[in-house]
Structure formats: structure tokens, C-alpha cells
Amino acid sequence: MQCQECGKRPATLHFTKIVNGEKTEFHICEACAREKGEMLPGTSGGFSIHNLLSGFLDLSPSSKGQISGTKSPESVRCEECGMTYSQFSKIGRFGCSSCYKYFNDRLDPLFKRVHGNTVHVGKVPKRTGGHIQVKRKLDDLRRELQYRILQEEFEEAAALRDQIRELEKNISAE
């Protein structure tokens, strides 16, 4: 397929733009894409997963990665490998396992933004996750108990309390 712009070179880039529900396809060569100012994958101005994730690390444009009431990104440093938070946000990887400990106060808001929670709530393997499933069940029952108490449904709350006690007794017996 030839470039739709110049008609001279083969089209190596294929774009699909959807604006207001209207789909437009472009088949252009790399040279024409640069002239049009399109972002090219793999080039300095192109799209990369790292650039996407780095955007999540900057919690707000005005703070430039700084969380209110905390040190600047340059001053937060891992004492094991020497990596700063700014370096982490540029590279997208930690230098060592201790970085989790030193950057912890900045990671919880990041995880909350990216995943919607700071605790993993995904699937648990049936064979090895029995203890985790029981803990989740207990958490659910406790939330339900609080709801029943607030609704003044005391008989249901008493039944839930008994279920919770039974599960806790089973956990302590293991």
C-alpha cells in the first residue's frame, strides 16, 4: 500500500482516529508522519508504556510528583541502592527490593490511582488460598454486621456475630 500523502513511498504507519464517533484511517510513510507531526512509536516523541506509567507517578501537574507535606522527589532516596524517587519515575523500575520501603508513602497513592485500591482483591487459587478466602469472608461478614447494626436489625446482626465467632475459632484452631 502506498502512502496516502506523498504517493511515493510505501505506507509503514497505519493510524485510526476516532473523533466524535467518526472513524478515519490513515496509511502514511514515516517521513510524511513526521511532517504531519504524528507521534511515532519507538522514537523520542513516540508513545511508550513507560511514558504512560510515568504520567501516573506525577500525582498532579502542579506538584511535579511531590505529595503535599512530603519531601521533594530528589530528596527521597533509597538507602540501599541510592535511587531517588525522581530516578524511579523516569526509569519506571526500582533499583532494589528496599526501594518499596523507602518510597512507601508515595506508592500507596499511586497504587490507589492505578488499581483503585492498595490491597489486592483479585482471584485467589482454590488449592492454596483457603486462609485468604476465610479472611475475606470474615471482612465481608464484619461489614455486613456493621450495616445490620446501623439498620437496627439486631437479630440478623446476632446471627452474623455468631458466624464471625465460628470462623475466628476455626482459624485459631489451625
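This is a predicted model: local features need pLDDT of at least 70, side-chain atom pairs count only at pLDDT 80 or more; totals for chains, interfaces and linings use all residues.
Which residues does UniProt assign to the feature "domain: UVR"? The unreviewed entry places that feature at residues 135-170.

Let me begin with the span itself. Residues 135-170 are 92% helix and 0% strand, and the end C-alpha atoms of this span lie 11 Å apart.

Turning to the helices, H6 covers residues 130-150 and H7 covers residues 154-173. The two pack with their axes 9 Å apart, at an angle of about 160°. Because angles over 145 degrees count as roughly antiparallel, H6 is described as roughly antiparallel to H7. Their crossing is left-handed.

Which residues make the contact? On the H6 side, they include Val-134, Leu-138, Leu-141, Leu-145 and Ile-149, together with charged residues such as Lys-137, Arg-142, Glu-144 and Arg-148. On the H7 side, among them are Phe-154, Ala-157, Leu-160, Ile-164, Leu-167 and Ile-171, as well as Glu-156, Arg-161 and Glu-168. By class, the contact of H6 with H7 comprises eleven nonpolar, two polar and seven charged residues.

Finally, the salt bridges. Side chains of opposite charge can pair when their charged atoms come close. The structure holds eight salt bridges. One pairs Asp-140 with Arg-143, whose closest N and O atoms are 2.4 Å apart. Both Asp-140 and Arg-143 belong to helix H6, where three residues, about one turn of the helix, separate them in position.

Key: Residues are numbered from 1 along each chain as its sequence is written. Side-chain values use heavy atoms; hydrogens and water are left out. UniProt positions are given in the numbering used here, feature names are shortened, and annotations may be inferred rather than shown by experiment. Helices (H or I, at least four residues) and strands (E, at least two) are DSSP runs, numbered from the N terminus. Axes are lines fitted to C-alpha atoms, for helices over the stretch in contact, and angles run from 0 to 180 degrees between N-to-C directions. Angles under 35 degrees count as roughly parallel, over 145 as roughly antiparallel, 65 to 115 as roughly perpendicular and the rest as oblique. A crossing is left-handed if the near helix is turned anticlockwise from the far one by less than a right angle, and right-handed if clockwise. Contact means heavy atoms within 4.5 Å. A salt bridge is a side-chain nitrogen of Lys or Arg within 4 Å of a carboxyl oxygen of Asp or Glu.
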